[in-house]
Amino acid sequence: MMKAGPSPEEIRRHNLGTLLRFVHLRGPSSRALLAEAMGLNRSTIMALTSDLTAAGLVREELPRGPGRRAGRPSLVVRPESTRVYVLAFDLGVDRLAVARVGLGGTILDRREAGRTRGEFDAAETVAALAGAARALMRKAGRDAVCVGSAMAFPGTVRRSDDVIRFAPNLDMRKAERGPAAEGAAGRSLEEGVALGDALSRRLGLGLPVAVCNDANLGALAEHERGIGIGCDDLIYLHGDVGFGGGIVVGGRLLGGADGYGGEIGHMVVNPGGRLCGCGSRGCLEAEVGERTLLALSGRTESSDLLGRDAIRAVVDAADRGDVQARDALHRVGDWLGRGVANLVNIFNPGMVVFGGTLRDIYLGSAAQVRSALATNALNAPRENLKLRTAELGDDATLVGAAEFAFADVLADPVEVLARLRSPEETPV
Amino acid sequence: MHFATPGRANKAGTLSDHDRFSLSGVASRWEPPGMPVTPLLDLRGIDKSFGPVKVLHDVAFAAYPGEVTALVGDNGAGKTTLVNCIGGVYPWDSGTYLFRGEPVRLGSPREANDLGIDIVHQDLALCENLSIVQNMFLGRERRRGLAVDDAEMEELATTTLAGLSVRTVTSVRAPVGSLSGGQRQTVAIARAVLWDSRVIVLDEPAAALGVAQTQQVLELVRRLADKGLAVVLISHNMNDVFAVSDRIAVLYLGRMVAQVRTADVTHAQVVELITSGRSGELGLAG
């Protein structure tokens, strides 16, 4: 696969993408800083930024505030946050969220709705998400352009065609049943559910809606915008009703052969333990998940509180001296620590990030988690391990979906934008 | 004009597989692992008596930049006395106090502040009738000519709070009396950070806070250390200690019985050290 070397056109495209990615992730940067960071000279940077400016992706302006340095101030390159945006969808077990996220990662506008647990109706969900997205798009300016869209989904998603294969915590029988649901969203779960296609058709933007596992997107978000900036080997654990994970190795998300990688929740830690939604016994999800914590602490699922609030209530009660809640939290923390110990032995991450409901569980049972880790993980791989909580909080998956949606435009900015601005050429 | 020059472009081209690497390498928050770090604060053989009562016996204590060192011990073990020695409130009777490897002698809390050592006391020492900005700059107001420079102080206070990822405080002009316990704790910590501190000592920051607020304060403590400060955390709550600390120092009846890495010990061992001064091979010799 040796090539004679990249052509000037390829180099330019690569440089444009790298520059845009830098401004997108780091925020407004002076030309001097860009030149230094990219190892290009200033006239090349000028040529690149004028291309991006012409495409409407960035704008240049004089630095704000008093200039304290001698000489002519270097122009600052800012991403056009309000004019170039993506749509990010987050389909949680208890909540639906849609956001319009501008280049540079600012959430410009958002809509959220609660979701009642129970049967998952693909058509209804797609309609609700599309409605919210359209409302967001109406509020965008006339010259604003949507450059991509992606959805975080709590289940396993095939990478090649974004089809959902398995979602133990959403009751997907109806989605399987067939023609009642709209179009491709109504195939059997054996073939998978193409939620992204249905949503894309409903939105009518001519843009595909990428679907990706929520915890994988959370890992991406924390790596690029959260606590994990600068840490290229991290594991993100995301707790909702279920328990997912995203593994970043060498700065890249570990997907596996078909994109199902990182299902840490279904790592068996206790053979013969509790029955898991996936059909196996003793999965980490079964030992640490919301249902187990609520059951152990004597709170039944029928109570008014669900999800995050219910878990907070248990941690709160434990802190106030509720013995049963405290014991439940300790047991759960012990299993969590064993799970993390396995991961540390296998992947030797620099950081493990606890997000979603696991943030509360970790902070409430850190002594047990770390004790189990100290007892069960090998000495060398845990030496420099950092345990952290998600900096983006509940928005980690949403932010991750936005980052995923930006991937295309960051890879080839000018080409993608030219295609979007001349709709007659848009492939269907 | 539109093409990268070939020589430069090849350089960029070789980066193509690692563009994430090259980007994230620019302002990495993390130090390379495994580097030997000299402690910022290094106390050796500190003795302290109040009249006939000997409170600290030959205490050694170190705090490292970028780490949270938890100081634990039973009531009366000498935690507060040790902290007051660190902060220049009490003079110590004998022993060496090294700051960044240099021996120092502290005569007053102000001298400790000048070195970059700040203590956030349990009672926070905030004025309820003053605003957040006024509290943060109390006694050290910025001036422009003869007038107090409110605009610059507000900007500095806002950036400091934003730098700590504090989102709960809506306006820096709000009087401190209107804030919740967790928010007050945040302001007290931000006040210490504002002055370029290198060592911050937090005395029971999570006492008397609710669970959600405690969690926020713990995450704040962690962020301080991740910014490269040396943080000393006094707490009675083992869970909080394990949630944020990198090292645990255990005082038992005025003696430092162990200073260990949090990753190497279990909850049970630390509790044993606190209550009996030894646990297996750790702690006081038989």
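Two strands count as paired if DSSP finds at least two bridges between them. Keep that in mind for the close-ups below, which come from a predicted model.

**View 1. Strand S11(B) and its partners.** S11(B) pairs with strand S3 (residues 68-73) of chain B in the parallel sense, over 5 bridges. Look for B:Thr69, which sits opposite B:Arg247 of S11(B). S11(B) also pairs with S12(B), this time in the antiparallel sense and over 6 bridges. There, B:Leu251 has B:Met256 of S12(B) as its bridge partner.

**View 2. Two covered faces of S11(B).** In this strand, 6 of its 6 residues are buried. One side carries B:Arg247, B:Ala249 and B:Leu251, and the other carries B:Ile248, B:Val250 and B:Tyr252.

**View 3. The hairpin turn at B:Leu253.** The hairpin of S11(B) and S12(B) has 2 residues between the strands. B:Leu253 lies in this loop, between S11 (247-252) and S12 (255-261) of chain B. Its phi is near 50 degrees, a positive value in a residue that isn't glycine. B:Leu253 counts as partly exposed because 14 other C-beta atoms lie within 10 Å.

**View 4. Another positive phi, at B:Asp58.** This one belongs to strand S2 (residues 53-63) of chain B. Phi of B:Asp58 is near 45 degrees, again positive in a non-glycine residue. B:Asp58 has 13 C-beta neighbours inside 10 Å, so it's partly exposed.

**View 5. A:Ala88 in the largest nonpolar core.** That core has 198 residues, and A:Ala88, A:Ala401, B:Val221, B:Val231 and B:Val250 touch the most other members. Leaving aside residues up to four places away in sequence, A:Ala88 touches A:Ala99, A:Val101, A:Ala150, A:Leu398, A:Ala401, A:Ala402 and A:Ala405.

Note on methods. Residues are numbered from 1 along each chain as its sequence is written. Chains are lettered from A and ligands numbered from 1 in the order in which they are written. This is a predicted model: local features need pLDDT of at least 70, side-chain atom pairs count only at pLDDT 80 or more; totals for chains, interfaces and linings use all residues. A nonpolar core is a set of buried Ala, Val, Leu, Ile, Met, Phe, Trp, Tyr and Cys residues joined through C-beta atoms within 7 Å. A residue is buried if 20 or more other C-beta atoms lie within 10 Å of its own, exposed if 12 or fewer, and partly exposed in between; C-beta atoms are placed from the backbone. Two residues are in contact if their C-beta atoms, placed from the backbone, lie within 7 Å. Helices (H or I, at least four residues) and strands (E, at least two) are DSSP runs, numbered from the N terminus.
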